[in-house]
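Student: I would like to learn how to read strands, domains, cores and contacts in a structure. Could we go through one together?

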Amino acid sequence: MARSTAEVSAVTDRDGVPDGGTATPRAPDDAEHPLEWDEQENNDLSPEERTSVSQPAEKVDDRKLVTGQAKYTADYDERFPELARAKVVRSEIPHGNVVDIDASAAKAMDGVCAVITPDDEAVPDAKYTSAGQSYPEPSPWDMRVLNEHVRYVGDPVAAVAAVDEETAEEAAAAIEIEYEEHDHVVDPEAAFSEDAPRLFGADEVDNEIVGHDYARNRMAHIEGKIGEVAAATEREDVHVHESEWSTIRQSHAQVEKHTTLAYTDEDERHVLITSTQVPNHTRRQLAHLFDVPIRDVRVKKPRVGGGFGGKQAMVVEPIALALSLAASRPVLYEATREEEFGAMRSRHPMRVRARSAVTADGTIEAIELYALSNTGAYGSHGMTVAGNVGSKPLPLYSKVPNVRFEADIVHTNTPQTGAMRGYGAPQGTLALEGHLDRVARDLGIDPIEFRRDHYMEVGDLDAIAGMMGGEGAERRIRSCGLDECIARGKEAVGWDDLEQPAAEQLHRGIGMALSAQGTGVAGDELGAAQIMMNEDGSFHLQVGGVDIGTGADTAFVQIAAEVLGCAPADVVVKTSDTDNTPFDYGAYASSTTYISGMAVKKAAEDAKERILKWGSHMLDEPVEQLDTCGSEVYSDRTGASVTLEEIGYESVYGEETREHILGKGTHSTEESPPPFAAQFVDVTVNEETGEFDVNKLVVAVDCGVAINPKMAEGQIEGANHMSYEMAVNEGITVDSEGRAEQRDYEEYSFPTATESPPIESILVETHEPTGPFGAKSVAEVPTNTVPPALSNAVREAVGVRITDMPITAEKIKRALDEP
Amino acid sequence: MKYTLTVNGERKRIEADADADVASTLRAAGYKGVKCGCDGGVCGASTVIIDGEARMACGLSMASVAGSEIETIEALGSQGDLHPIQQAFVDHLAVQCGFCIPGMIMQTKQLLAETTDPSEQEVREAIDDVVCRCTGYQKPVEAVLDAAQRLRNDSAGIEESTAMTDGGTLDSGGERRD
């Protein structure tokens with residue numbers, strides 16, 4: 001059912017002021033979103049035609065990773081004999097003003113290289129956001145590198161660089177800070193009031209975001225709709241269902257802590273070797289913050305030990321750079337694990353209300369979601385994450401005519417939140433998929449058939465994704481494997497033949513949930529790549545795209561090798577160094593394979609064109625007759641061939657004419673096709689105690705063509721594990737002062753190897769014509785689905801529904817005991 | 001003071017304070033495969049084998065390991081000649097960011113030295129102290145079970161395991177397209 005018109009209401013800020021990235025709303029236009037994509041012939045290869053893409057291939061960095069030879073940021077210490085170590089002094093109070101800092105004892109200590117405080121010359125005074133997004137930045141400039149107005153336990157106030165860690169720690173401990181304390185607020189509902197302690201004064205924020213109302217601690221308000229939900233809910237033939245859901249404050253908990261090494265080189269340029277997801281955004285943000293030209297900043301990403309959104313934030317880099325400037329020597333700042341939990345970033349905890357109007361025969365006439373998001377002390381990603389609570393899950397049900405979403409994003413004196421894998425979609429998916437299960441049960445309808453009657457299919461013009469502008473846009477659906485995801489998931493989990501345990505008190509049930517994500521931020525992405533040929537027919541591939549452990553570098557190599565007709569081993573990949581690789585927005589929003597990968601494909605095609613010219617010259621055959629394969633250029637007509645190595649030597653050492661074969665590619669698009677997931681959870685619940693065992697997670701994902709199927713499975717399994725944590729663990733909890741109660745992994749519970757259920761990942765191949773060789777994204781969509789599927793499974797097993805995450809034995813027992 | 005240790009079969013005299021952390025000391029001595037992911041003794045990334053026992057090197061004092069034999073990830077295979085456990089991790093695509101992997105492989109080495117044919121549950125228990133945030137443990141568990149098989153085959157003189165053939169590298173650009 002294509003929709004030709006939609007009423008779109010997006011709230012925008014004053015003209016000329018960054019409006020938080022909200023796009024100008026437009027009516028969807030069929031002609032603008034043709035179903036038939038003008039796809040290059042070489043992009044749609046049958047499985048038999050593929051020589052590199054979707055073939056098994058070793059991950060290009062694995063050998064150095066398994067031998068301990070790979071270099072992460074902290075491993076560069078040995079190259080800097082003068083390296084100083086950083087330690088940050090953080091606020092011990094939830095809210096107040098620094099009135100005095102006595103750093104004299106710290107400065108006098110032997111081995112201390114620099115002590116910086118908010119007033120120090122080396123410390124930028126500008127307000128900024130740590131978000132690490134594109135430009136103009138859709139997050140408010142509401143923080144400083146070091147803060148006098150502190151808003152949570154953990155806000156950075158001062159920092160020390162010293163010859164070793166022990167000295168840095170001693171010096172940091174010797175800094176005395178006197179505060180004037182203010183009232184604080186920890187609960188988001190209490191904070192959202194004019195009577196609550198106010199976190200931000202009138203002049204304390206620049207680049208304010210749409211809907212801000214700091215008198216009520218609201219950093220943003222967003223809403224969008226199509227159709228008329230209110231009118232639909234008043235109809236006599238519908239029943240209105242309401243439910244409310246809440247989610248945890250999840251830590252990224254990536255094993256490599258935020259780590260950065262800053263120095264100024266012999267050309268007086270600032271260099272950061274840093275564990276980041278966004279080298280180019282970090283370079284721009286540092287240049288703005290320190291008021292230096294972009295050309296004088298270099299950001300270089302080595303191996304990264306996991307990111308999950310946490311390293312999109314520019315959290316540690318400004319402090320290290322300021323210390324390095326103050327100390328005139330290189331500085332390494334490696335956050336502690338305690339800082340990771342209390343002072344880096346986390347997933348926005350939310351309460352989400354779902355409301356629907358459904359006829360007795362199960363036709364959904366209207367759906368709306370409302371989210372109250374707790375953004376913590378600062379507003380990075382506050383508006384955009386909340387927008388995705390609606391704009392990712394709701395489009396899945398494209399047949400619903402009336403849809404509305406609204407969110408309030410409020411500040412509390414608690415640790416900062418930010419981007420995290422799933423980016424709002426997990427919160428919205430819990431509410432939507434839990435809600436639909438409840439409605440289906442109320443109506444006595446099969447939960448899968450109920451969904452199937454309303455979900456997306458190929459040909460749909462999706463207006464819901466674009467209803468709030470910003471990180472979504474209306475789009476045509478050109479690939480959708482939902483039917484097969486469901487069929488294969490059901491088969492794998494044993495949906496139709498579940499055996500009940502022998503013990504009377506044990507009950508087994510299966511729950512399911514669906515999800516859609518996006519592939520990159522629609523209309524706000526850019527990737528670029530260059531490829532150069534070596535004499536021996538091998539290649540150097542330079543890509544701005546960022547591999548944070550996902551295998552992106554390997555996907556780039558496989559894409560290049562497919563185009564060039566060479567072995568993956570013949571492509572040397574160099575990525576993510578702003579001095580040496582082309583521009584890229586970075587690793588977020590499930591964009592890397594789709595955006596940067598397409599740039600690689602274009603660069604390889606550009607190089608291939610030159611290779612075929614040389615082949616034509618050497619074989620004396622017209623280019624039209626030639627193609628590459630098996631590291632050769634060959635003629636279809638005559639069967640004659642010349643190797644890439646022969647072309648490599650001839651092109652640079654030829655007697656008559658010479659050329660360095662180079663290819664370049666840059667890619668941006670308005671498209672953001674959704675990948676899909678069908679989740680199934682098999683659980684056994686003890687009705688006497690509420691204790692439960694998750695027997696198995698099954699998740700089938702349509703990610704288009706998987707460039708490396710085993711790597712794609714790994715992404716699915718890791719995402720599903722993170723999703724499982726959201727369903728069964730507490731995440732970061734805060735005390736009455738808003739202080740994170742977890743300081744190390746032994747206090748932060750997430751499922752260990754013995755606590756993790758087996759995960760069966762299933763790849764359902766479709767062909768997405770807008771993606772490189774048919775690929776779309778994979779790594780986020782399976783993060784969204786376990787909380788609702790487990791909630792639904794528990795309901796199926798013992799008849800009670802848990803809506804407040806995490807699901808625990810105590811909550812199930814309490815619900816079972818209710819009269 | 002100076003401590004004498006045997007690291008990866010080599011006798012070493014290492015200068016360190018008595019209460020210096022073993023993981024940091026090993027890293028400073030060049031054994032960068034020893035990783036630190038927590039504030040001491042929790043995450044498992046620094047796991048090495050000390051006198052035959054897999055232990056986290058962080059949170060241990062140098063004085064407590066004086067005279068010990070320590071084996072780090074660097075003692076296993078090289079990139080061109082991987083140890084069967086390392087090969088299994090590579091073949092199963094069990095590695096994502098890789099930060100926890102040296103510790104997990106050292107735990108695996110000890111497990112397989114003690115138990116040549118572990119059950120899946122035994123594998124999960126062996127790596128239970130290693131925090132991995134990327135994989136959901138699914139592929140690492142499969143890799144360890146396959147590594148056990150490879151090592152059993154090796155000791156029985158059987159040629160390389162053929163159980164997993166889909167993890168290899170393509171050595172050519174494939175066949176010509178029509």
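Tutor: Gladly. Let us begin with pairing: two strands pair if DSSP finds at least two bridges between them. Please keep in mind that this is a predicted model. In chain B, strand E3 (residues 47-50) and strand E4 (residues 53-56) pair in the antiparallel sense over four bridges.

Student: Which residue of E4(B) does Ile49(B) stand opposite?

Tutor: Ile49(B) faces Ala54(B) in E4(B). The two strands form a hairpin with two residues between them, and Asp51(B) in the turn has a positive phi of about 45°.

Student: Which strand is joined to E3(B) by two bridges?

Tutor: That is strand E5 (residues 69-71) of chain B, which runs antiparallel to E3(B). Here Ile50(B) stands opposite Ile70(B) in E5(B).

Student: What pattern does chain B follow along the sequence?

Tutor: The order is β-β-α-β-β-β-α-α-α-α, with five helices and five strands in chain B. Of its 178 residues, 54% count as buried. Among the contacts in chain B with a separation of 6 or more, 59% are between residues 24 or more positions apart.

Student: Into which domains is chain B divided?

Tutor: There are domain 1 (2-75) and domain 2 (84-155) of chain B. Their centres, taken over C-alpha atoms, are separated by 21 Å. The contact between these domains takes 13 residues from domain 1 of chain B and twelve residues from domain 2 of chain B. Our strand E3(B) returns here: with three residues, E3(B) gives the largest share of the side of domain 1 that touches domain 2 in chain B. By class, that side of domain 1 of chain B has seven nonpolar, five polar and one charged residues.

Student: Now for chain A. How should I judge its overall form?

Tutor: One way is to set the radius of gyration beside the value for a compact globule. For 819 residues such a globule would have a radius of gyration near 28 Å, and chain A has 27 Å, so the two agree. Along the principal axes, the C-alpha atoms of chain A fill a box of roughly 90 × 75 × 60 Å. Chain A has 18 helices and 28 strands, and 63% of its 819 residues count as buried. Residues 24 or more positions apart make 80% of the contacts in chain A with a separation of 6 or more.

Student: Which stretches make up the domains of chain A?

Tutor: Look for domains built from separate stretches. Chain A is divided into domain 1 (48-69 + 526-667), domain 2 (80-182 + 255-306 + 311-343) and domain 3 (350-521 + 671-817). The C-alpha centres of domain 1 and domain 2 of chain A lie 39 Å apart. In chain A, 15 residues of domain 1 are in contact with 17 residues of domain 2. The side of domain 1 of chain A that touches domain 2 of chain A divides into six nonpolar, five polar and four charged residues.

Student: And how do I read a core?

Tutor: In soluble globular proteins, nonpolar side chains tend to be buried together. In this model the largest nonpolar core has 306 residues, and Ala86(A) and Ala560(A) have the most contacts inside it. Helix H14 (592-619) of chain A supplies the largest share of this core, eleven residues. Leaving aside neighbours within four places in sequence, Ala86(A) is in contact with residues including Ala159(A), Ile319(A), Leu323(A) and Tyr333(A).

Student: Which residues of helix H15 (residues 644-653) of chain A are buried?

Tutor: First the general idea: an α-helix has 3.6 residues a turn, so residues three or four places apart point the same way. In H15(A), the buried residues are Leu644(A), Ile647(A), Gly648(A), Glu650(A) and Ser651(A). The buried residues of H15(A) pack against H14(A) and strands E19 (527-533), E23 (632-635) and E24 (641-643) of chain A.

Student: Finally, how many residues does each chain bring to the contact between chain A and chain B?

Tutor: Chain A brings 62 residues and chain B brings 53 residues. On the side of chain A that touches chain B, helix H1 (62-66), helix H8 (337-343), strand E22 (626-629) and helix H16 (709-728) each supply at least two residues. H16(A) gives the largest share of that side, seven residues. By class, the side of chain A that touches chain B has 22 nonpolar, 23 polar and 17 charged residues.

Conventions:
Residues are numbered from 1 along each chain as its sequence is written. Chains are lettered from A and ligands numbered from 1 in the order in which they are written. This is a predicted model: local features need pLDDT of at least 70, side-chain atom pairs count only at pLDDT 80 or more; totals for chains, interfaces and linings use all residues. Two residues are in contact if their C-beta atoms, placed from the backbone, lie within 7 Å. Ala, Val, Leu, Ile, Met, Phe, Trp, Tyr, Cys and Pro count as nonpolar, Asp, Glu, Lys and Arg as charged, and the others, Gly among them, as polar. Domain bounds come from an automatic or database domain assignment. The radius of gyration is taken over C-alpha atoms; the globule rule is 2.2 Å times the number of residues to the power 0.38. A residue is buried if 20 or more other C-beta atoms lie within 10 Å of its own, exposed if 12 or fewer, and partly exposed in between; C-beta atoms are placed from the backbone. A nonpolar core is a set of buried Ala, Val, Leu, Ile, Met, Phe, Trp, Tyr and Cys residues joined through C-beta atoms within 7 Å.
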